[in-house]
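Hi,

Here is the model I promised to pass on. Have a look, and my notes follow below.

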Amino acid sequence: MSSNNPNLSIRKKESFKIFDDIAKTYDFLNHLLSMGIDVYWRNRLLKRIQNKAELEALDLATGTGDLAITLSKHKHVKKVLGMDLSKGMVSIGETKVKDKGLDKVINFQIGDACNIPLEDNSFDVVTISFGIRNFPDPKKSLREILRVLKPGGRLLILEFGMPKNFLVNAVYTFYFRYLLPFVGNLVSGHGDAYTYLNKTVEDFAYGQDFADWMKEAGFNNVKFEELTFGISNLYRGDKL
Ligand SMILES: C[S@@+](CC[C@H](N)C(=O)[O-])C[C@H]1O[C@@H](n2cnc3c(N)ncnc32)[C@H](O)[C@@H]1O
């Protein structure tokens with residue numbers, strides 16, 4: 001089951017179309033609405049990459065490629081493949097990668113994270129940042145990731161949660177239910193993309209519940225860390 005809300009379940013099957021619509025303003029709004037803290041969250045993920053040389057990484061739901069670019073800066077990462085269903089998002093990622101001279105290290109491919117069009121045992125690291133809650137079948141995606149990881153490989157996921165602290169939760173809930181959708185919808189010019197995106201956060205498993213999904217899918221050494229009061233969580237799991 002992917003969502004408790006039937007309307008969200010239907011929209012998740014084609015959520016990449018929403019991202020096609022908002023691709024041009026995505027990066028600007030991402031950094032504005034997160035007040036730049038997304039950069040810190042991506043760098044925290046980088047610290048959890050295995051200490052092994054010559055790693056090949058797959059960044060699913062790569063969007064405009066920010067995490068793929070961050071990964072390429074890790075001393076042990078040799079190659080990154082960014083995969084997404086939104087051509088609009090990926091084409092912005094391709095331009096950024098070319099401008100940074102990283103096109104020999106980072107490649108992109110259009111593909112579905114729930115039916116990954118790649119061979120078994122082919123990557124050392126798989127990452128997803130703020131993507132999995134948009135997938136129509138996140139549990140299937142976790143099983144697919146296990147399939148494409150090499151033995152000894154690691155999955156690292158960043159995804160939103162809700163802060164546990166009462167006060168922080170109250171302030172954050174107001175910000176993200178009202179202010180963030182208002183600014184996001186206004187700047188992107190999309191009727192309700194940012195309202196939809198926020199509903200997907202409140203509807204999705206986080207913390208121990210999501211870690212349990214990873215264990216059910218077959219991952220080992222599953223752990224999670226709350227980042228910034230639990231607004232975001234960093235999950236990791238290994239393939240034996
Ligand atoms: C919120 S964006 C995150 C993008 C990027 N990872 C980041 O951190 O900015 C979610 C991305 O998930 C992609 N997506 C949604 N469903 C997908 C699927 N089934 N397979 C691959 N990508 C998908 C969307 O197209 C979108 O680019």
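Which of the 22 residues around the ligand come nearest? They are Ala61, Gly63, Ser86, Ala113 and Ser129, where near means a C-beta atom, placed from the backbone, within 6 Å of the molecule. Two elements give two or more residues to this shell: helix H2 (15–33) and helix H4 (66–72). H2 has the largest share, with four residues. (Helices are DSSP runs of H or I, at least four residues, and strands are runs of E, at least two, numbered from the N terminus.)

Before you go further: this is a predicted model, so local features need pLDDT of at least 70 and side-chain atom pairs count only at pLDDT 80 or more, while totals for chains, interfaces and linings use all residues. Residues are numbered from 1 along each chain as its sequence is written.

Now the inside. The largest nonpolar core has 47 residues, and Ala57 and Val126 touch the most other members. A core here is a set of buried Ala, Val, Leu, Ile, Met, Phe, Trp, Tyr and Cys residues joined through C-beta atoms within 7 Å; buried means 20 or more other C-beta atoms within 10 Å of the residue's own. Strand S5 (residues 149–160) supplies the largest share of this core, six residues. There is also a second, separate core of 16 residues, including Ile18, Tyr26, Ala193 and Tyr194.

Beyond its neighbours within four places in sequence, Ala57 is in contact (C-beta atoms within 7 Å) with Leu71, Val77, Val80, Phe123, Asp124, Val125 and Thr127.

Cheers

How values were computed:
A residue is buried if 20 or more other C-beta atoms lie within 10 Å of its own, exposed if 12 or fewer, and partly exposed in between; C-beta atoms are placed from the backbone. Two residues are in contact if their C-beta atoms, placed from the backbone, lie within 7 Å.
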